[in-house]
Amino acid sequence: MDLSAINPVLLIASLMVAATPLLLAAIGELVVERAGVLNLGVEGMMITGAICGFAIAVETGSPVLGFIAAALGGALLSVLFAILTQFALANQVASGLALTLFGLGLSSLLGQRYVGIKPPETGDAFGALGDIPVIGPILFGHDLMLYVGILIVAGVWALLKFTRAGLILRAVGENHDAAHALGYKVKRIRVMAILFGGACAGLGGAYISLIRVPQWTEGMTAGIGWIALALVVFASWKPWRVLIGAYLFGGVTVLQLNLQAAGVAIPVEYLAMSPYLITILVLVILSADKSNAPASLGRTFHASS
Amino acid sequence: MKRTALLAGVALALGLAGAAVAQTKVGFVYVGPVGDGGWTYEHNQGRLAVEEEFGDQVETVYVENVAEGPDAERVITQMALQGADLIFTTSFGYMDPTVNVAAKFPDVKFEHATGYKTAPNVSTYSARFYEGRAVQGTIAGMMTESNIIGYIGSYPIPEVIRGINSAYIHAKKVNPDVEFKIVWAYTWFDPAKEADAAKVLIEQGADVILQHTDSTAPLAAAKAAGNVIGFGQASDMAEYKPSPRVSSIIDNWAPYYIQRTRDVMDGTWESQSVWQGIDAGMVEIGEITDTVPEEAKAAALEVMNGIANGEYHPFTGPLNKQDGTPWLAEGEIADDGTLAGMNFYVEGLTGEIPQ
């Protein structure tokens with residue numbers, strides 16, 4: 001065992017990268033669920049965003065355009081979900097699952113020509129600042145999207161807590177009949193939330209295909225969308241807890257690989273399951289304050305009822 | 001009379017037409033997507049070669065991304081029900097499902113890759129990847145400057161452990177100071193996890209990454225880190241030439257798939273277990289790029305040629321097991337039985353094999 005081989009600074013820096021796709025997808029889903037909609041299609045929107053972002057970044061040579069395309073791609077796919085659940089009043093669980101399956105298939109189709117291609121490189125946001133010892137790699141050594149992810153979390157938190165728009169969104173999620181009676185446009189608000197969730201999931205997917213891996217392979221999101229869904233629940237629908245959960249998950253994931261490489265004598269199976277166990281455990285303890293799910297979560301709304 | 005002849009003629013023509021469309025149906029079950037650029041990609045190239053060889057006489061079907069375990073049994077059963085005459089199941093974890101389904105369909109022939117259980121209608125086939133690992137280990141040992149070589153394992157099964165041992169023995173032979181750091185990813189295909197594993201190994205000082213997982217993500221991580229080399233796994237991964245990918249192990253399944261399909265068509269198929277290597281062409285070594293110094297390249301080619309013409313076996317004694325107990329005496333060569341079930345590290349490797 002040689003723990004000195006693990007560099008804590010690089011460990012923290014790489015856990016932030018590992019956590020960002022999960023963070024982006026989860027914060028999007030959080031807004032969707034706070035509006036009372038359960039969209040199980042996160043994985044499908046992520047993978048669609050991954051290929052849209054990758055393809056556009058390769059074609060234009062600009063990672064920024066790639067990320068914009070990824071957000072649009074994810075949002076576009078979520079339109080399908082919005083039409084099915086908000087206007088055709090289809091079952092949300094079934095529609096979400098269908099969206100995942102559809103997204104996985106669609107992305108393989110779109111990605112046919114992009115296997116084995118390298119995307120343009122995304123530079124670091126702060127350049128030379130990243131060379132400062134210790135805090136440099138942690139605070140400044142990252143790409144722009146990582147900071148965007150944190151800003152989105154802060155933005156969602158502020159919106160939900162302090163603004164009228166956030167209050168309305170929560171009202172729609174808690175009791176759509178009451179919100180409707182007060183004259184709020186339940187469907188319109190929900191569609192907007194769904195679009196936001198799709199865009200965030202798309203960004204998360206593109207973060208994997210453009211920065212974290214970076215390449216396109218079919219099925220490359222490999223279940224992160226599902227973890228994002230679970231994370232929202234365990235984080236009791238609170239933005240900062242989503243951030244804690246995502247960093248915890250990313251951190252334990254990276255840490256367990258580090259421990260393995262350093263030859264720690266803990267059976268690998270336990271290390272491999274540790275990210276899931278520890279994240280769930282910590283968030284369950286955090287959620288002891290009896291935070292409840294949005295009351296209208298997953299319920300179909302129609303103005304007549 | 002004339003009419004009868006006409007009818008007979010029509011019947012004959014129909015019969016012939018019927019015979020012409022009587023195709024042999026060949027099924028393939030893949031563990032990853034055909035676009036993985038590695039393991040499954042090469043199996044699919046083998047499938048395409050079968051189609052090309054036999055044209056209209058065969059029909060091939062495949063299912064990709066089939067999870068190992070019970071779900072595989074469902075997929076294989078479905079394929080057999082749809083009338084496949086020959087089914088290739090191309091991952092280690094399909095072993096028991098393949099044997100189970102084969103018992104229910106005695107007339108269908110099954111071919112299971114990298115396993116060790118056979119039946120009257122189940123053959124196994126595998127390639128001696130460890131021969132390629134010997135070549136990789138030689139290059140890795142000579143090129144590493146930090147003397148730390150990172151190895152991304154998938155699952156702790158004999159095939160992977162053989163590869164680690166073979167690479168280590170040959171790296172050690174050319175560089176006595178070399179050290180292996182091994183990370184188990186517990187997946188065959190998960191680009192994000194493979195990339196994380198590669199990054200961790202690089203952060204801990206490795207400047208050569210060997211992988212036994214199927215995607216090109218570790219090579220992408222090596223490229224991003226700069227000054228780190230890696231190897232194509234299962235497929236050439238030529239898009240990362242000339243560096244970080246300095247060479248590769250290519251699995252060439254096409255000749256075997258064509259042969260076995262022909263055996264089924266001719267009715268001469270019999271259950272067997274084959275294990276072919278560099279000499280038979282099932283394992284190919286991809287071009288060694290100019291990033292590799294002449295000296296290392298020559299040493300690697302010497303190992304490769306020695307294996308190809310049968311003069312050299314990668315597991316030749318004296319070799320001890322990890323705990324120091326003797327395994328092979330001077331000049332002794334490992335037998336296939338021990339290799340097939342290999343569950344121990346050789347002396348010098350650190351860490352334990354997960355059980």
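Visitor: What distance separates the centres of domain 1 and domain 2 of chain B?

Guide: In this predicted model, the two centres lie 28 Å apart, taken over C-alpha atoms.

Visitor: Which residues make up each of those domains of chain B?

Guide: Domain 1 of chain B covers 21-128 + 253-276, while domain 2 of chain B covers 129-250 + 282-340.

Visitor: How many residues from each domain of chain B does the contact take?

Guide: There are 18 from domain 1 of chain B and 19 from domain 2 of chain B. They count because a pair is in contact if its C-beta atoms lie within 7 Å.

Visitor: Which elements give two or more residues to the side of domain 1 of chain B that touches domain 2 of chain B?

Guide: Those are helix 2 (39-54) and strand 11 (273-276) of chain B. Helix 2 of chain B gives the most, with four residues. By type, that side of domain 1 splits into eight nonpolar, seven polar and three charged residues.

Visitor: And what does the contact take from chain A and from chain B?

Guide: Chain A puts in 33 residues and chain B 30 residues. On chain A's side, helices 1, 4, 9, 11 and 12 of chain A each supply at least two residues. Helix 11 of chain A gives the most, with six residues.

Visitor: How do the residues on the side of chain A that touches chain B divide into nonpolar, polar and charged?

Guide: That side of chain A has 18 nonpolar, twelve polar and three charged residues.

Conventions: Residues are numbered from 1 along each chain as its sequence is written. Chains are lettered from A and ligands numbered from 1 in the order in which they are written. This is a predicted model: local features need pLDDT of at least 70, side-chain atom pairs count only at pLDDT 80 or more; totals for chains, interfaces and linings use all residues. Two residues are in contact if their C-beta atoms, placed from the backbone, lie within 7 Å. Ala, Val, Leu, Ile, Met, Phe, Trp, Tyr, Cys and Pro count as nonpolar, Asp, Glu, Lys and Arg as charged, and the others, Gly among them, as polar. Domain bounds come from an automatic or database domain assignment.
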